[in-house]
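This briefing reviews selected side-chain contacts, surface features and backbone details of one protein model. The sequence and the structure are displayed directly below, and the notes that follow are grouped by topic.

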Amino acid sequence: LVQAGDTIYKWNSYNSWTSVGSCDANAKLRGRLEHISEVDGVVLVTDLSLLEQVKKWDGTTLSDITFSDETAAGFGTFRAKYCAIENERAIFANTYDSVHTPNLIVGSKRGDYTTISVANRPSSSLGEEEPFFLVQPDNGSINGMAKTFGILAFSSRYGSIYRLTGSSAKDFEMTSLFPRSGAQGDEAMVGVGGDVHFGRQGRIQGLSSTSNYGDVEPEDISLPISDQVEDVAEWTGVYNSRLQRTYWRPDTESKIYVYHSSFKPPPRPTTESLADILSGKGKAVSDLSPWSLWTSVNPRVLEPTALMPVIMPDDGLEYVAIGYSDGNVGLLEGNYDDPGDFGTTAQEITVSRLSKRYQLDSNAQVFDIQGWVSYRKGDPFTITITLEASGENIFDESITINVPAATGGAYYGGAYYYGGSSAHGISFSQRVSRQKFALAGKANEFQIRVSVTDTVQWRIEEIGLVFDAAG
């Protein structure tokens, strides 16, 4: 489900969205993948604005949940900003029960997400399966929850990060994970595979840890783009586990910074010797930045009010859905069209990457720069490569490379026996193709900027450079 304006949509298939209900237009409903209770066949839906009651979606009907307390009495109105299914329970955080309790964590009865308590603090007198509540230790307003490696972490706005420990209502408690390092933004804490990433003012950090998360140390994953994000006050983040991408949107900007987890080198083992590292026998470390920047000719495309992972019913794959305040919905990835006043065509996104700065020794300058770009053919697209020169001569030199569509007969394709999108499609479409290029000018130091603006999926494998130098 995805909210857009005052309408809640379900995703039927590639280009088909169906309204399943309405809500307050100022609500921010979220029914994330971690909200799914498989055994109950429902998704629990919370509201970041605390305007709507906690709801459930059973695949057919969206309805308010009727909660009861530890005595089986009706609980009344219950709202929550955050939710996760963990330890056979629904865990809610930053709640509303006649009054707003932003520091409260409410755990349901084991095996029954409809039974909750704001009276039972974990103790040895409770039954193991009983519902419970806890308070964020710094009494801060909880502004994020994330699951990773068997832990459930909570952030406080302008506060700290804690985790839920224990296994039952007898011993659940909150313990410190990362002091004075809370996320900034209502959706700025994201579980990313085996890590937790969280957006802070002017940076994005990750938690690296021992195998049991006993000790943690922060890692500034935004270091390669630090000069671009130093003024960001709040973030919205969302992770696509299939593509290993985390999308980070600054709160007041029409752009998205994309973090590619697959580009991040693994940490070196502590037993690796300096001799192995210097000899090249050690673990390879890539010097490629894991960050890309997405912008759009239509700025509103990257100003959604909802970003959320969803599973496509047709192919079972994970995508990131987007919703807008005016009622439009769509996908952040893929070649699928958006309904509404965006029209029936996909919106162009500009993806750009900037290399590190290359600098020669002494006063030498590079010239006669030549290179190649390797890619896989599919739909046609255009690559813009820009030499950004610094030093004695400051200039930009750009060229464009047109990548043609994959061509050839539909070898077992189209309406033939091996049809559809099978591997037996256009001949050689997945082979790596190459084009050469040349860049004019002399420079003491330079960077290479690569950008593509299009609506189609494309894949660049490699860009290489060779040049002469003198001076």
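**Salt bridges**

Twelve salt bridges are counted in this structure, which is a predicted model. A salt bridge here requires a side-chain nitrogen of Lys or Arg within 4 Å of a carboxyl oxygen of Asp or Glu.

- R32 and E187 form a salt bridge in which the closest N and O atoms are 2.1 Å apart.
- R459 is bridged to E461, with a distance of 2.6 Å between the closest N and O atoms. R459 is partly exposed at 45% relative accessibility, and E461 is partly exposed at 33%.
- Through salt bridges with shared partners, R30, R32 and E187 are joined into one network.
- The side chains of K255 and E253 meet in a salt bridge with an N to O distance of 3.3 Å. K255 is partly exposed, its relative accessible area being 22%, and E253 is likewise partly exposed, at 24%.

**Aromatic pairs**

- The structure contains 13 aromatic pairs. In one of them, the ring centres of F75 and F78 are 5.6 Å apart and the planes stand at 90°, so the arrangement is edge-to-face.
- F75 counts as buried at 12% relative accessibility, and F78 counts as buried at 1%.
- W235 and W248 make up another edge-to-face pair, with 6.1 Å from centre to centre and 85° between the planes. W235 lies in strand β21 (residues 235–240) and W248 in strand β22 (residues 245–250), so their contact ties together parts that are 13 residues apart in sequence.
- Both W235 and W248 are buried.
- F67, F75, F78 and F92 are linked by ring pairs into a cluster.

**Surface charge**

- Which residues gather in a patch of negative charge on the surface? The patch is made up of E128, E129, D171 and E173.
- E128, one of these residues, is located in the loop between β11 (99–107) and β12 (132–135).
- The relative accessible area of E128 is 40%, and the residue is therefore partly exposed.

**Positive phi angles outside glycine**

- A72 has a phi near 75°, a positive value in a residue other than glycine. A72 is placed in the loop between β8 (62–64) and β9 (79–86).
- Is A72 buried or exposed? A72 is exposed, with a relative accessible area of 64%, because the exposed class begins over 50%.
- N87 also has a positive phi, of about 55°, although N87 is not a glycine. N87 sits in the loop between β9 and β10 (89–97).
- N87 counts as partly exposed, with 35% relative accessibility.

**A buried methionine in a strand**

- M308 is part of strand β25 (residues 306–311). With a relative accessible area of 3%, M308 is buried.
- M308 and L331 are 23 residues apart in sequence, and their C-alpha atoms are 9.6 Å apart in space.

Key. Residues are numbered from 1 along each chain as its sequence is written. This is a predicted model: local features need pLDDT of at least 70, side-chain atom pairs count only at pLDDT 80 or more; totals for chains, interfaces and linings use all residues. Side-chain values use heavy atoms; hydrogens and water are left out. Patches are made of residues with over 30% relative accessible area and no salt bridge: like charges are joined within 9 Å, nonpolar side chains (Val, Leu, Ile, Met, Phe, Trp, Tyr) within 5 Å. Accessible areas come from the Shrake-Rupley method with a 1.4 Å probe; for residues, only the protein chains shown count as cover. Lys and Arg count as positive and Asp and Glu as negative; His and the chain ends are not counted. The place of a charge is taken as NZ of Lys, CZ of Arg, CG of Asp or CD of Glu. Helices (H or I, at least four residues) and strands (E, at least two) are DSSP runs, numbered from the N terminus. Buried means under 20% relative accessible area, exposed over 50%, partly exposed in between (1.4 Å probe, protein chains only). Rings of Phe, Tyr and Trp (its six-membered ring) pair if their centres lie within 6.5 Å; planes under 30 degrees apart count as stacked, over 60 as edge-to-face and the rest as tilted.
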